[in-house]
Amino acid sequence: MTYFPEEVVEHIFDFLGSHRDRNAVSTVCKAWYGVERLSRRSVFVGNCYAVRPERVVARFPGVRSLSVKGKPHFADFNLVPDDWGGFALPWIEAFARGGLGLEELRLKRMVVSDESLELLARSFPSFKVLVLISCEGFSTDGLAAIATHCRVLRELDLQENEVEDCGPRWLSCFPDSCTSLVSLNFACLKGEVNAAALERLVARCPNIRTLRLNRAVSVDSLSKILARAPHLVDLGTGSFTIDHHAEAYHRLINNFTKCKSLKSLSGFWDASPRCLPAVYPICGNLTGLNLSYAPAIQGADLIKLIRLCLKLQRLWVLDCIGDKGLAVVASTCKELQELRVFPSDVCGVGTAAVTEEGLVAISSGCPKLNSLLYFCHQMTNAALVTVAKNCPHFTRFRLCILDPGKPDPVTNQPLDEGFGAIVQSCKDLRRLSLSGLLTDQVFLYIGMYAECLEMLSIAFAGDSDKGMVYVLNGCKNLRKLEIRDSPFGDAALLEDVGKYETMRSLWMSSCYVTLKGCKTLAAKMPRLNVEVINERDESDEMEENPSDLRRVEKMYVYRTVAGPRNDAPDFVWML
Amino acid sequence: MEVSVSDFDNLKATELRLGLPGIDAPEKPAPVSPRGSKRALLKANEECWPGTSKSLEADTSNQEAQPMAKAQVIGWPPIRSYRKNSFKARKAEVEAAGLFVKVSMDGAPYLRKIDLKVYKGYKELREALDNMFRCFSTGMEGCNGSEYAITYEDKDGDWMLVGDVPWEMFISSCKRLRIMRRSEATGMPSSP
């Protein structure tokens, strides 16, 4: 390789798409490391505490695109206390100080303050893309800063964030000279929106292809927007309530008909069934449909709509679609690749809406299915075995039986065999979430067969330490393991401590791991951060002399080259 | 490491609950207990085997919990807070907001709007409409009289006579009101 000038090596590296490949070539030799680091344009940091921002800036001075993830996945379900960490500011500050030409920033599960957004907006004149997913800590004032200062903004994509509403003025902060928007998603904003400003913005951005509106946008406004932007590819409707007799409704249908490029639909907040026919004209082109925020649209109306969606590849629905509705999906949507069925009753109480029957129907009708998230009231081993046979291409399989620890209702057996069939058949399985009654046996199967598995979520499962050990020993590609309410203790935790350096992180909550076990792990493995999270009001006695044999509520372990973090709150013990 | 029944009792004593403080003991499915009750479930299952799935469900509901307790397992079912909040918010909105519907009267130059939630029943509603539209009716006994009939449009788009269904059902399905001339309603000429 010393015969090749650096430019040639760099050119070769340009063909390496994935981060993994680039990481791999950088370890070959010093020369390659040097070429690679200077030519790297995009960095992905899967855990914000695995490396210091300054280190990233120093190593990759040419980086234009940064992605960072913060809180562990179980934070989505309120298992991580609010002030745990995951702050975006240090990253933005480091990049600003380093004088890097940042153009794209993607953050997931991080705390982003208005101050950070202001700094971001002012520090990078070429900034083009901001994607925030499941973040919090900012308000619409922060968005105003982005709109005001990012002159060449192309994408502003806010997905499921908790955003404080400080009024609608942010949208008006996009200057008249801003014509570069390609993608705007503010569906998660709770407040009012200036309709006129929105319509003008859309009108002056000829390249806009993705537009996801929030609930405050009326159908009238939507109608006008569609008229201005008939080239939209991805649309999130605002509130979809309209008097279906009114003239406005007919205007809406006309404008929808003109949108020949529309491939993806979502939103439908407050949609009533009588408004749905407005979208019938474009259903035949849809590849993506998200009706999971429209509880008023039930069985029969859903079915009418889905019968028209022959090209559907991605479908998100509520379980009020029922097994019957899923059978219609199975017979209509032959191109289906991803299905998510969410519970309409979020408390998990209520009558059974979808069962194993619906899933079996889907599996036999949709052979291309590779990604599943399915909330249901019951599942049988027989059904899972059938699904495994019908759909061997699953890469993501997440099954949530709403009743924790529920067995197969027909045989009263645990669901070990069913999930075993899934991992055995689906050789490309990368992500798996388990539920229902499960013994150590299912983990034996997972360890044996799930060679590609990268992420495993376990809840209320297993009988003994053996279960966890099977997984740690067997799954060579495991990156993330998250466990709650399962009987795995210190013996399992300490069985193979080196394993955790090959993984991104391990989460265990309400298990049998004790403080002693955590301390032992921390002592043996200096390049792991072992965090113990205690939220309860401890008595003073506990504080001073916590018994090492006491079980820890929550433990989060992750590999890092950054050492223990200095922004941990009081209730997080860095061991 | 098999957990025997007596171990289970000891474990229960040392268990760390994730329930919120103040939640009563009897109903909770504390983190360990779903597993424990799982064991009890297995036992119960053995007993009722080869029982029907119906009796199994009955056992399940006894062991696992009354719906109340299910709701108390933190972070279960694993649904993003964003999704949970958006449903909660909508519920709250619907409950907090009034139920404003338009009221039209045949021959009146403009419509009115009333909040159905304000009235306790049909009698109050009729009186309110009577007061509102008195100025438009010429020398009749008001809405209660034989000159007019009060009708409403329901969720399905059909026009119904007010008063047939229970009040609660009415306000949940009423989209708008129309005070109709009797002559139109019955097809018979009104009395002079």
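Is Gln378(A) buried or exposed?

**View 1. Gln378(A) sits in a loop of chain A, between strand S15 (371-376) and helix H16 (381-390).** The relative accessible area of Gln378(A) is 17%, so the residue counts as buried, the cut-off being under 20%. The side chain of Gln378(A) makes a polar contact of 3.1 Å with the side chain of Glu356(A).

**View 2. Asn566(A) lies in the loop of chain A that runs between strand S22 (554-559) and strand S23 (572-574).** Asn566(A) has a relative accessibility of 70% and is therefore classed as exposed, for which the cut-off is over 50%. Between the C-alpha atoms of Asn566(A) and Ala94(A) the separation is 16 Å, while along the chain these two are 472 residues apart.

**View 3. Helix H2 (residues 19-26) of chain A has Arg22(A), Val25(A) and Ser26(A) as its buried residues.** When H2(A) is seen down its axis, these buried residues fall within an arc of 105°, so they line one face of the helix. The packing partners of the buried residues of H2(A) are helix H1 (6-14), helix H3 (30-39) and helix H4 (53-59) of chain A.

**View 4. In chain A, strand S1 (residues 42-45) and S2(A) run parallel and are joined by four bridges.** One bridge pairs Val43(A) with Leu66(A), which belongs to S2(A). Strand S2 (residues 65-69) is mostly covered, with four of its five residues buried.

**View 5. Helix H18 (residues 440-449) of chain A contributes buried residues, among them Val442(A), Phe443(A), Tyr445(A) and Ile446(A).** Asp440(A) and Gly447(A) of H18(A) are also buried. The buried residues of this helix pack against helix H17 (416-425), strand S17 (431-433), strand S18 (455-459) and helix H19 (465-474) of chain A. Leaving aside neighbours within four places in sequence, the contacts of Ile446(A) are Val423(A), Leu432(A), Leu434(A), Leu453(A), Leu456(A), Val471(A) and Cys475(A).

**View 6. The largest nonpolar core of the model has 184 residues.** Those with the most contacts inside this core are Phe256(A), Phe397(A), Ile446(A) and Leu506(A). Another core, of 23 residues, lies apart from it and includes Tyr119(B), Ala128(B), Ile150(B) and Tyr152(B). In soluble globular proteins, nonpolar side chains tend to be buried together.

**View 7. Chain B has eight helices and five strands.** Read from the N terminus on, the order of its elements is α-α-α-α-α-β-β-α-β-β-α-β-α. Of the 192 residues in chain B, 39% are buried. Among contacts in chain B with a separation of 6 or more, 49% are between residues 24 or more positions apart.

**View 8. Confidence in chain B is given by a mean pLDDT of 64, with 48% of its residues at 70 or more.** Residues 139-143 of chain B have a pLDDT below 50, and this stretch makes nine contacts in the model beyond near neighbours in sequence. The pLDDT is also below 50 over residues 188-192 of chain B, a stretch with five such contacts. Where pLDDT is low, the predicted coordinates should not be read in detail. For the complex, the predictor gives an ipTM of 0.85 and a pTM of 0.78.

Note on methods:
Residues are numbered from 1 along each chain as its sequence is written. Chains are lettered from A and ligands numbered from 1 in the order in which they are written. This is a predicted model: local features need pLDDT of at least 70, side-chain atom pairs count only at pLDDT 80 or more; totals for chains, interfaces and linings use all residues. Side-chain values use heavy atoms; hydrogens and water are left out. Helices (H or I, at least four residues) and strands (E, at least two) are DSSP runs, numbered from the N terminus. Buried means under 20% relative accessible area, exposed over 50%, partly exposed in between (1.4 Å probe, protein chains only). A polar contact is a pair of N or O atoms within 3.5 Å; within protein, one must be able to donate a hydrogen and the other to accept it, and residues adjacent in sequence count only if both atoms are side-chain atoms. The arc is that of the directions from the helix axis to the C-beta atoms. Contact means heavy atoms within 4.5 Å. pLDDT is the predictor's confidence in each residue, from 0 to 100. A nonpolar core is a set of buried Ala, Val, Leu, Ile, Met, Phe, Trp, Tyr and Cys residues joined through side-chain atoms within 4.5 Å. Two strands pair if DSSP finds at least two bridges between them.
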